[in-house]
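Open the model in your viewer and keep the sequence panel beside it. This tour goes stop by stop: what to select, then what is there.

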Amino acid sequence: MMNRRTVLVGAGALMACGPSGVRPPRVQVPGATFPSTPFSYGVASGDPTSDAVVLWTALEVDPTQAGESFSVGWEVAADERFERVLQSGLASATGETGHTVHVDVTGLAGDGTYFYRFVVPGQVSPIGRTRTLRASGAPSSFRFGIGSCQDLRGGYFTAHRAAAAQQFDLFFFLGDFLYERNRMGVRAHQSAEPVDLAGYRARHAEYRRDADLQANLASCPWVVTWDDHEVVNNYGGLSHGSLSPEVLRERRRAAYRAYAEWMPLRVRPADDGSLQLFRGFEVGSLLSVSVLDTRQYRNRLVCGGRAGPACADWGAEDDSMLGQAQREWLEARLRASSASWNVLAQQVVFSDFTVGNGAFLNHDQWDGYPVERRRLLDVMDGLSRRNTIVLTGDIHLAALSRVLRPNTARATAVEIVTNSISSGGSQGEGNGSLIEGLVGGLPGLLYAYEGRRGYTACTVTDEAWQVDFEVVDSIDAPGGAVSTHASFEVNRELLARRR
Ligand SMILES: [Fe+2]
């Protein structure tokens with residue numbers, strides 16, 4: 001067997017890769033030739049700024065080489081054919097990070113479109129498209145997609161295929177990127193339920209083989225946050241219905257590390273196993289985006305985190321989803337923002353979804369943490385302009401809601417809830433109406449739809465948001481038809497109307 005470390009092959013000599021018309025790579029990568037592609041998991045980019053973006057890939061290596069390191073070249077070009085390569089370099093894929101690769105490319109121009117690829121001797125990755133954010137001023141419009149909740153068992157990721165075709169400026173993924181539990185569905189997990197680092201890595205690898213998901217990850221930069229299933233269902237902080245804090249702490253550590261390895265993130269886990277996912281992005285003067293983590297820092301699971309009537313200690317003063325540090329960071333960002341729109345990209349429903357005079361509320365969402373929610377509403381109401389839009393996933397339902405305070409009619413914010421990519425499976429009209437029926441009569445709610453799976457597209461200008469709820473007719477088989485189920489416009493006074 002050849003030793004990869006001692007054989008030097010210039011990948012630039014290999015002409016056979018990529019579609020015709022694409023220039024072969026010029027970056028020289030040391031190592032032995034790969035006889036077949038190790039780029040089984042595609043490419044991705046994420047966490048763009050006005051001058052940088054993180055590029056991601058992973059190598060699938062033979063288990064006998066699990067401890068070895070490999071050089072990986074990368075190129076960023078101004079054009080799809082790689083005639084104008086702007087930057088290139090070498091990274092390494094090591095066993096320490098499961099052969100995942102992160103390259104933080106800096107020195108790019110703002111509001112630019114770029115193309116990138118990775119190279120090992122003898123093989124070239126698929127080409128990814130990415131974008132930087134605008135540094136200042138307002139772009140004429142900013143277009144992004146939103147997704148959440150992709151249970152592989154629920155069906156095919158056709159929504160991602162459709163989103164990829166949109167060539168968005170950005171894609172937000174708001175949690176449940178994978179599911180930890182195993183039960184048969186339209187598709188089946190091939191790996192055991194993850195409980196340790198090897199298990200979570202295997203689960204990520206399994207999801208990342210999906211061609212539709214790969215297409216969307218390669219189509220534009222992603223900004224991700226997690227919900228619960230990236231670790232274990234319905235955990236909060238170090239609390240869980242059946243796992244002890246000690247067991248959950250170790251499981252979290254493994255899951256967080258694997259998440260950081262497999263997502264196009266700039267941040268790395270800290271020595272204590274934590275991962276600071278809350279972070280901000282500025283899109284010129286148009287958007288100030290605060291990405292939240294409503295899982296890692298919860299002080300407890302209120303009322304056991306279950307849905308149902310409020311329990312005796314619901315509404316405790318110090319109950320928190322965000323934790324003090326994140327909440328203070330968020331409040332300061334909101335108060336300091338001069339952007340046309342403030343955006344909260346987060347996981348669980350923010351609006352009051354309490355139904356039947358308190359007979360039913362979901363304590364796993366913001367309804368379980370009313371004191372902290374009230375604090376945030378006070379901040380939003382105190383801004384010189386009410387201009388906050390909350391983006392939400394989690395409940396496998398598409399919705400548009402005006403966030404109302406008790407006994408008020410004017411909206412403090414507008415919440416856009418994106419449907420699941422696949423979780424819950426194809427339901428069809430009329431079958432998915434349980435939650436629709438429960439929340440349909442809420443005063444702030446303008447739209448709720450559970451019937452089919454999909455994603456959400458937003459086009460934002462200085463004046464208004466257009467929100468398009470996209471649905472797939474069936475995800476039981478690949479290639480379902482995608483259509484727009486409903487469109488809304490939200491204007492600067494937070495008045496929303498159906499288009
Ligand atoms: Fe989910």
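**Stop one: a histidine and its partners**

Select His 189 and Arg 181. The backbone oxygen of Arg 181 lies 3.1 Å from a polar atom of the His 189 side chain. That is a polar contact: a pair of N or O atoms within 3.5 Å, where within protein one must be able to donate a hydrogen and the other to accept it, and residues adjacent in sequence count only if both atoms are side-chain atoms.

Before going on, note what you are looking at. This is a predicted model, in which local features need pLDDT of at least 70 and side-chain atom pairs count only at pLDDT 80 or more, while totals for chains, interfaces and linings use all residues. Residues are numbered from 1 along each chain as its sequence is written, and side-chain values use heavy atoms, with hydrogens and water left out.

His 189 sits in the loop between strand S12 and helix H2. Helices (H or I, at least four residues) and strands (E, at least two) are DSSP runs, numbered from the N terminus. Is His 189 buried or exposed? With a relative accessible area of 10%, His 189 is buried. Buried means under 20% relative accessible area, exposed over 50%, and partly exposed in between (1.4 Å probe, protein chains only).

**Stop two: the iron ion**

Select the iron ion. Which protein atoms are its donors? They are Cys 149 (SG), Asp 176 (OD), Tyr 179 (OH) and His 396 (NE2), lying 2.1 to 2.5 Å from the ion. Donors are N, O and S atoms within 2.8 Å of the metal (3.2 Å for Na, K and Ca); water is not among the atoms, so sites may look incomplete.

Along the sequence, the donor residues follow the spacing C-x26-D-x2-Y-x216-H. Asp 176 lies in the loop between strand S12 (170-173) and helix H2 (197-208), and His 396 in the loop between strand S19 (388-392) and strand S20 (398-403), so the pair ties together parts that are 220 residues apart in sequence.

Check the angles next. The four donor atoms subtend 84 to 174° around the iron ion, which makes the arrangement irregular. Cys 149 is buried, at 0% relative accessible area. Asp 176 is buried too, at 1%.

**Stop three: the cysteines**

Select Cys 303 and Cys 311. A disulfide joins them, S to S 2.0 Å. A disulfide is a pair of cysteine sulfur atoms within 2.5 Å. A search of the whole structure finds one. The torsion about this S-S bond is about -90°, so the disulfide is left-handed. Cys 303 is buried at 11% relative accessible area, whereas Cys 311 counts as partly exposed at 29%.

Move to Cys 458. Its sulfur is 13 Å from the closest cysteine sulfur, in Cys 220, too far for a bond. Cys 458 counts as buried, at 1% relative accessibility.

Select residues 464-472, strand S24. Eight of its nine residues are buried, so the strand is largely enclosed by the rest of the structure. Seven bridges join S23 to S24, and the two run antiparallel. Two strands pair if DSSP finds at least two bridges between them. A hairpin of three residues joins S23 to S24. Thr 456 has Phe 469 in S24 as its bridge partner.

Asp 468 stands opposite Ser 487 in S25.

Select Ser 71, in strand S5 (residues 70-77). Ser 71 counts as partly exposed, at 24% relative accessibility. Its C-alpha is separated by 4.5 Å from that of Ser 92, 21 residues apart along the chain.

Finish at Phe 360, in the loop between strand S17 (341-345) and strand S18 (361-362). Phe 360 counts as partly exposed, at 32% relative accessibility. Phe 360 and Leu 86 are 56 Å apart, C-alpha to C-alpha, and 274 residues apart in sequence.

Terms used: Tetrahedral: all angles 85-135°; square planar, octahedral: opposite > 155°, others 65-115°.
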